[in-house]
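Here's a quick walk through one protein model, going from a single residue out to the whole chain. Have the viewer open as you read.

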Amino acid sequence: MVRSCVVFKCFNRADACGKEQGISFFRFPVDKKKRLAWIKAVNRDKWTPTNASYICSTHFEGGWHSYDYEDVNYRPTIFHYKEKRSTPTEKAREQRVSKRKLEQEFMEAEKAKKYTEDQHKMFSVFTHSYCEVSSPEHAETAHMEFETTDDSDIISFQDNECQTEPLELIEENKILKEELQRYKEQLLKSRWSTEQIKGNDTSTKFYTGLPTFAVFLWLFRYKLS
């Protein structure tokens with residue numbers, strides 16, 4: 001397949017005629033920032049480049065693109081279909097405006113990405129740390145907060161196939177607390193005390209090695225005195 005330029009009204013192709021004119025063809029860059037700059041410069045409505053998308057060298061000053069963000073050739077700037085010819089001052093102003101817009105759009109894209117990642121982390125913590133749920137009211141509030149996220153976040157959560165519901169977590173937490181309370185009560189009952197050997201010489205000898213409870217009591221009071 002012969003490579004051709006994607007710029008509007010540019011008919012340059014990587015054929016014999018193009019080689020004769022010394023025209024080169026550059027594939028759209030992989031770097032996100034530079035790729036976005038090229039897409040904005042081409043300015044085609046609802047269009048996304050593919051691996052087979054190229055821009056020819058006639059759209060760059062000097063016929064070559066630059067990897068320096070400050071360089072004018074970081075993005076294509078020459079488009080012959082534009083009727084208006086800008087003065088050097090206007091051209092410099094347009095480049096500054098284009099640079100600021102590109103920086104702003106790139107920052108907004110990064111913020112949106114970070115926001116989505118933070119939402120995913122919050123949802124993961126909420127669904128896996130049920131011990132932090134203090135009350136049904138808290139769970140309901142947290143659930144409402146997640147419902148206010150945009151559609152892309154909701155779809156992402158569904159793709160994760162998370163099947164744990166907040167109400168189930170609250171119920172499970174309640175059951176665990178009840179079991180813990182029962183274990184505490186059993187532990188208190190099982191603690192050893194003098195009541196178990198009081199008035200029983202056989203139990204006294206078994207637990208303490210002393211012959212009688214009276215001896216144990218005398219020794220206990222002696223230690224306290």
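## Starting at N73

Skipping its neighbours within four places in sequence, N73 is in contact (heavy atoms within 4.5 Å) with F60, E61, W64, H65 and S66. Before going further, a note on what you're looking at: this is a predicted model, local features need pLDDT of at least 70, side-chain atom pairs count only at pLDDT 80 or more, and totals for chains, interfaces and linings use all residues. Residues are numbered from 1 along each chain as its sequence is written, and side-chain values use heavy atoms, with hydrogens and water left out.

N73 sits in the loop between β2 and α3. Helices (H or I, at least four residues) and strands (E, at least two) are DSSP runs, numbered from the N terminus. With 8% relative accessibility, N73 counts as buried. The scale here is: buried under 20% relative accessible area, exposed over 50%, partly exposed in between (1.4 Å probe, protein chains only). The N73 side chain also reaches the backbone oxygen of E61 at 2.4 Å. That's a polar contact, meaning a pair of N or O atoms within 3.5 Å; within protein, one must be able to donate a hydrogen and the other to accept it, and residues adjacent in sequence count only if both atoms are side-chain atoms.

## Elsewhere in that loop

What does the side chain of H59 have 2.7 Å from one of its polar atoms? It's the backbone oxygen of I78. H59 lies in the loop between β2 (54-56) and α3 and is buried, at 2% relative accessible area. Not counting residues up to four places away in sequence, H59 touches C5, V7, C10, P76, T77, I78 and F79.

K82 is in the loop between β2 and α3 too, but it counts as partly exposed, at 42% relative accessibility. Its C-alpha atom is 10.0 Å from that of K9, and the two residues are 73 apart along the chain.

## The core

A nonpolar core is a set of buried Ala, Val, Leu, Ile, Met, Phe, Trp, Tyr and Cys residues joined through side-chain atoms within 4.5 Å. The largest one here has 17 residues, of which C5, V7, F25, F28, W38, I55 and C56 touch the most other members. The elements giving two or more residues to this core are β1 (25-27), α2 (32-42) and β2. Take W38: setting aside neighbours within four places in sequence, its contacts include F26, F28, I55, F60, H65 and Y74.

## Turns and a cap

| Residue | Phi | Relative accessible area |
|---|---|---|
| N43 | about 60 degrees | 61%, exposed |
| K46 | about 50 degrees | 81%, exposed |

Both N43 and K46 belong to that loop. Further along, N200 caps the N-terminal end of helix α7 (residues 201-208), with a side-chain oxygen 3.1 Å from the backbone nitrogen of T202. After α7 comes G209, whose phi is positive, near 85 degrees.

## Charges and a surface patch

How many salt bridges does a search of the whole structure find? One, where the term means a side-chain nitrogen of Lys or Arg within 4 Å of a carboxyl oxygen of Asp or Glu. The partners are D118 and K114, at 3.1 Å, N to O. They're four residues apart in helix α3 (residues 88-128), so about one helical turn separates them. D118 is partly exposed, with a relative accessible area of 27%.

W218, L219 and Y222 make a nonpolar surface patch of about 360 Å². Patches are made of residues with over 30% relative accessible area and no salt bridge: like charges are joined within 9 Å, nonpolar side chains (Val, Leu, Ile, Met, Phe, Trp, Tyr) within 5 Å. L219 falls in helix α8 (residues 213-224) and is partly exposed, at 31%.

## Zooming out

The protein has eight helices and two strands, running α-β-α-β-α-α-α-α-α-α from the N terminus on. Of its 225 residues, 25% are buried. Among contacts with a separation of 6 or more, 53% are between residues 24 or more positions apart. The accessible surface comes to about 17,000 Å², with 54% belonging to carbon and sulfur atoms; such areas come from the Shrake-Rupley method with a 1.4 Å probe, and for residues only the protein chains shown count as cover.
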